[in-house]
Amino acid sequence: MSFPKYPEYKDSGVEWLGEVPAHWEVPRLKHLARIRNGRDYKDVEVETGGYPVIGSGGEFSRANSYLYKGESVLLGRKGTIDKPLYINGPFWTVDTMFYTELSSRVDGRFLFYYATCFRFDQYSTNTALPSMAQEDLANIQLAAPEPDEQEHIATFLDQETARIDALVEQQQRLIELLKEKRQAVISHVVTKGLDPDVPMKDSGVEWLGQVPAHWDILRLKNISPEITVGIVVEPSKYYVDDGVPALRSLNVQPGNVSTEKMVYISPEANEMLAKSKLRSGDLVAVRSGQPGTTAVVPDELDGCNCIDLIIIRKPKFSCEKFLCWFFASDCAVRQFSEGSGGAIQQHFNISTAANIVVPIPVRSEQDRIAEYIDGEISKIDDLIATAECAIELLSERRSALISAAVTGKIDVRGWQADQQSEQPEVLMAAEARATYG
């Protein structure tokens, strides 16, 4: 069903609200709820039991006492100020959040949904660390019907947002499955080939298992003429506003070089640091945190430089794209990880890279494998993009639906619980799930 407008509207006198239903009031928040300060929780924190300690992200600890018991809407005071929370029961909230004592004139869930529409950016008092003043919050104007109608609107939104959230969760799960399939395709083909009937042999490497009998087993140092590293000592001292591109780890994506957020070094520095100068066909691999993330340097970046990346020079008898896909496989990632040092995040060096074991078919077969993977991954990535688009549309629909309901732009008084609303974006996502799942 689609939702009608209210029969009659009036000017709210509030720019961001515009017209509101004629029978709704336009109170300030302080007329509906008292805004109270949270408090530091360290003196009441306990490991188990007790009451929830609530921050901007929800419950994160427990307390042996509570600040308030009952229905409340929590509003950010400092930091994350645009993520209201709803709670009903005893709780403790931290000093970076306000809690509210609700009057009999407001339904807590209705106020929570309304608070998600507040234009917090217009009230924030600090751009570096967003902050809300209690007085500013108290004086926010909103439109509200009688409590029984508020409750009905909140019940409507509970059901409709739950339906949308379920569809979003399905799309997120679909994305996870597609990513798993993506990884499985890469890992299988670069170690087993494309012919399921080809004779196999033991690779001699326990975690690699069997490989096609005609494949060689080589270390990377026997495939690439040179393995080195990019600029590692004070790279920022070479930065200029315009010059020679210098790739960093954030520019290296699996199988692809991104030119977003590129930094530049002077031509003089590029010549002085010729050891790390890149040529098209070279491979660059991220050293820290993301083992296996490797890309081929494209023609348009021939002659550029790089910062703190492993450089694998273009192999003489191997397809660089095949190697790039191999480095994304489970087999390679395991070698990156096990050869990495660093307790906090994985960090691998030239020696680790040089000794990575690579199963190598003949060049023509490498080309076929790389072309096959390119095609399969392109299809999977398209499906992932479709699912991500569905999530974005669903999220936009969710926000728009909440805003329309709590500000009276649609009349849901005729809606009944468990009634299905035919929302085009929601149905589109459901169809996407059926098609791609």
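This is a predicted model: local features need pLDDT of at least 70, side-chain atom pairs count only at pLDDT 80 or more; totals for chains, interfaces and linings use all residues.
**View 1. Helix H1 and what sits over it.**
Helix H1 runs over residues 108–115 and is mostly covered, with eight of its eight residues buried. Going along the helix, the buried residues are Gly108, Arg109, Phe110, Leu111, Phe112, Tyr113, Tyr114 and Ala115. So what does the covering?

**View 2. Thr161, a buried residue in helix H3.**
Thr161 is part of helix H3. Is Thr161 buried or exposed? Its relative accessibility is 3%, and anything under 20% is called buried, so Thr161 counts as buried. Its side chain makes a polar contact of 3.5 Å with the side chain of Tyr113, and Tyr113 is itself one of the buried residues of H1. If you skip the neighbours within four places in sequence, the contacts of Thr161 are Tyr113, Arg398 and Ile402.

**View 3. Helices H3 and H8 side by side.**
Two packed helices are described by the angle between their axes and the distance between those axes. For H3 and H8, the axes come within 10 Å and cross at roughly 170°. That angle is over 145 degrees, which means H3 is roughly antiparallel to H8. Sorted by class, the residues in this contact are 28 nonpolar, three polar and ten charged.

**View 4. Helix H5 crossing helix H3.**
Here the axes of H3 (residues 147–192) and H5 (residues 320–327) come within 9 Å, with a crossing angle of roughly 125°. The two helices are therefore oblique to each other. As for handedness, the crossing of H3 and H5 is left-handed. Which residues meet? On the H3 side they are Arg182, Ile186 and Val190, and on the H5 side Phe322, Trp325 and Phe326. By class, that gives five nonpolar residues, one charged and no polar ones.

Conventions: Residues are numbered from 1 along each chain as its sequence is written. Side-chain values use heavy atoms; hydrogens and water are left out. Axes are lines fitted to C-alpha atoms, for helices over the stretch in contact, and angles run from 0 to 180 degrees between N-to-C directions. Helices (H or I, at least four residues) and strands (E, at least two) are DSSP runs, numbered from the N terminus. Angles under 35 degrees count as roughly parallel, over 145 as roughly antiparallel, 65 to 115 as roughly perpendicular and the rest as oblique. A crossing is left-handed if the near helix is turned anticlockwise from the far one by less than a right angle, and right-handed if clockwise. Contact means heavy atoms within 4.5 Å. Ala, Val, Leu, Ile, Met, Phe, Trp, Tyr, Cys and Pro count as nonpolar, Asp, Glu, Lys and Arg as charged, and the others, Gly among them, as polar. Buried means under 20% relative accessible area, exposed over 50%, partly exposed in between (1.4 Å probe, protein chains only). A polar contact is a pair of N or O atoms within 3.5 Å; within protein, one must be able to donate a hydrogen and the other to accept it, and residues adjacent in sequence count only if both atoms are side-chain atoms.
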